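Trainee: Could you walk me through this one? I'd like to start with the overall picture and then look at a single residue.
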Amino acid sequence: MKIVLKLIKKLFTFVLKITIFFVGREVLRKKRMEAQVRQLARQEAQQRMNEFLSIASHDLKTPLTSIKGNIQLMARRLKYKTGAQVAGNVPAEELMHTLVEARDLLERTDSQLTRLTRVVNMLLESARSTTNTMDLLLEVGELDAAIREAIQERRHIPEERTIHLQVPEDKAVLVLADMSRVKQVMVHYLSNAHKFSPLEHPIEVRLQENGRTASVFVRDKGPGVPVEEYEHIWEQFYRVPNIEIRNGTQVGLGLGLHISRKIIEHHRGQVGVYSTPGDGSTFWFTLPLAHKDMSVM
């Protein structure tokens, strides 16, 4: 009997040691896997940041170089021509031609400053969205009117691009929102649709009410977004790989959709996308409906 007990005790000890060994090995394996996942995440984040910094540096450096060159060229021409005019060596007509050239240089410089300001504003908006310091000036406003204004402004979209708008007829769609921010989202959505879809295909914009929410849809005929990218496209600095830019020369910073999501979420709305690869995408967002007698708290 004692021998049996000893054998059972040894067997139990052996099984316990084996169990501890395998449990310890599994714990170690999981820790190694978690460390590998964290390392891969850090590498991906670093790669995304490096790509962003490269693009942002280019988008900042290019207009600055152009601005500096325009100013230097304009200064040299005006200095030479005005000096020669004072000496009586240049006809007034030639001086006038120089002034016209200077005006053109100033117009190009202003265009580059606008581009530079846009990049800086995007960076500031991204920082505010990350630190939750985005200010909202809420008011009861007409969402359909804000959409029309965003389309009419056509920021970054040429006149030859057709935009079809469908909104509820004879009825204002009221939301409690910062209307300038809502227009900002519309600009991002429209610019995105224009950038990636053929110019000959119209962009379709639709507004509809669904119970207590208003939904806005922006559809394009671009290459579409793969299903596995649906969540990633809203991330900061993220750009879908291998997607051809059809219009415009600037590579995106990967901030427009991220900022749009943050703005809509601050309004207690939602964003999303559904797409058919090769047949375009529909980006949408929702906002809670308001009433005329609603007051800002």
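Mentor: Keep in mind that this is a predicted model; its chain has five helices and seven strands.

Trainee: What about contacts, how much comes from residues 24 or more positions apart?

Mentor: If you take the contacts with a separation of 6 or more, residues 24 or more positions apart account for 75% of them.

Trainee: Okay, switching to Ser 275, where does it sit?

Mentor: Ser 275 belongs to strand 6, which covers residues 270-275.

Trainee: Is Ser 275 buried or exposed?

Mentor: Ser 275 counts as buried, because its relative accessibility is 15% and the cut-off for buried is under 20%.

Trainee: Which residues does Ser 275 touch, then?

Mentor: Leaving aside residues up to four places away in sequence, Ser 275 touches Gly 224, Val 225, Tyr 230, Gly 280 and Ser 281.

Trainee: What does the side chain of Ser 275 do with Gly 280 and Ser 281?

Mentor: With Gly 280, a polar atom of the Ser 275 side chain lies 2.9 Å from the backbone oxygen, whereas with Ser 281 the link runs between the two side chains, as a polar contact of 3.1 Å.

Notes:
Residues numbered from 1 in each chain as written. Predicted model: local features only at pLDDT ≥ 70, side-chain atom pairs only at ≥ 80, totals over all residues. Heavy atoms only, no water. Helix = DSSP H or I, 4+ residues; strand = E, 2+ residues; numbered from the N terminus. Buried < 20%, exposed > 50% of the residue type's maximum accessible area, 1.4 Å probe, protein only. Polar contact = N/O pair within 3.5 Å; in protein donor to acceptor, adjacent residues only side chain to side chain. Contact = heavy atoms within 4.5 Å.
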